[in-house]
Amino acid sequence: MDSLLSQTAFPKLNAIGRSFLYWLLFLLFLFITGAFITHQFPDSWERFIYGSFGTAAALAVTWFVLKLEKSSFGSIGLVWERKTGIRFLYGFILGSLLFAIIIIPLFAFSNLTIEWNPKPITVLEALFYLSIVPLALMEEVAFRSYPFVKLNRALGFLPTQLIVSVMFAMYHVFGGWSFTSAFMGPAIWSLIFGLATYKSGGIAIATGIHVALNVAQPMLGMRTGTYHPLWILSIKGGETEASLARIDMLGTVSQMIVLIIGVGLTLYYLRKGNSQ
């Protein structure tokens, strides 16, 4: 088996080539999961199944490329440690605070209001929120484990942040997002996830941040569909062209603040690392 692996072209690829091959394999497995496996289960469990099988696919691809390198999960920090759960919880709290940076200005400087959803949430609907965990973990394994570590070791932190951010956005574009939405949302937040990974040496904190962001949005009714919102957003005085434009502008400003934080901290840690 080892001799067979050593004859492949993989060992001759540089970090960029290996990372792109990794992502291609991950997308292939993800396509198979979405096209064939999820349809074998009830629609209500689609996100659970997609996230679970997607995480398994990401881990399988990671194992495969590490096997080609004759390396291990430990070499990229993808192992469960005693403080992994605490780091995840810390990330969840941090992600909740970062989400507040986005949402608070919308309430403070627009006619956007929030009220409790009069329709109570059922136990089953509450459990559906747990599907966000494997979905977020799937993406963190795929983008902030093997590719992030390999690119960072070969190219440095800043190029890694840029490459992974663009690829994370394009992954969402392939999933049906518009270019604007993908680059104004996931691409920017990828910088934050990358910072957490860079500073902690693993994906636990990044996954916690990711989960917090993806939980907060449907809870506030910012995403319709699978999840039952606990609150309902509305515009005082009704929707008008001016009120919607103002909310969009404030949302863009909030995202730019996150972008500034992400870029600023990336440059800070880059300079700090160079000075040591």
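Author: What follows is a conversation about the terms and the values behind them. This is a predicted model, in which local features need pLDDT of at least 70, side-chain atom pairs count only at pLDDT 80 or more, and totals for chains, interfaces and linings use all residues. Residues are numbered from 1 along each chain as its sequence is written, and side-chain values use heavy atoms, with hydrogens and water left out.

Reader: Why is V123 called exposed?

Author: Buried means under 20% relative accessible area, exposed means over 50%, and partly exposed lies in between, with a 1.4 Å probe and protein chains only. V123, which is found in helix α5, has a relative accessible area of 66%, so V123 is exposed.

Reader: Why is G85 called partly exposed?

Author: G85, placed in helix α4 (residues 84-108), has a relative accessible area of 34%, which falls between the two limits, and therefore G85 is partly exposed. A helix here is a DSSP run of H or I with at least four residues, a strand is a run of E with at least two, and both are numbered from the N terminus.

Reader: What makes the pair E69 and R18 a salt bridge?

Author: A salt bridge is a side-chain nitrogen of Lys or Arg within 4 Å of a carboxyl oxygen of Asp or Glu. The closest N and O atoms of E69 and R18 are 2.6 Å apart, so the pair meets that limit. E69 lies in the loop between α3 and α4 and R18 in helix α2 (residues 15-37), so the pair ties together parts that are 51 residues apart in sequence. Both E69 and R18 are buried.

Reader: How do you know that E140 and R144 form a salt bridge, and why are they called buried?

Author: Their side chains come to 2.8 Å, N to O, which is within the limit, so they count as a salt bridge. E140 has a relative accessible area of 0% and is therefore buried, and R144, at 1% relative accessibility, counts as buried because that value too is under the limit. Both lie in helix α6 (residues 132-144), 4 residues apart, about one turn of the helix.

Reader: Why is the pair of Y129 and Y227 called tilted?

Author: Rings of Phe, Tyr and Trp (its six-membered ring) pair if their centres lie within 6.5 Å, and planes under 30 degrees apart count as stacked, over 60 as edge-to-face and the rest as tilted. The ring centres of Y129 and Y227 are 5.2 Å apart and their planes are at 35°, so the pair is tilted. The pair links distant parts of the chain, with Y129 in the loop between α5 and α6 and Y227 in the loop between α11 (204-219) and β2 (231-235), 98 residues apart.

Reader: How do you know that W45 and F48 form an aromatic pair?

Author: Their centres are 5.1 Å apart, which is within the limit, so they pair, and the 40° between the planes makes the pair tilted. W45 is partly exposed, with a relative accessible area of 36%, whereas F48 is buried, at 17%. The structure holds 18 aromatic pairs.
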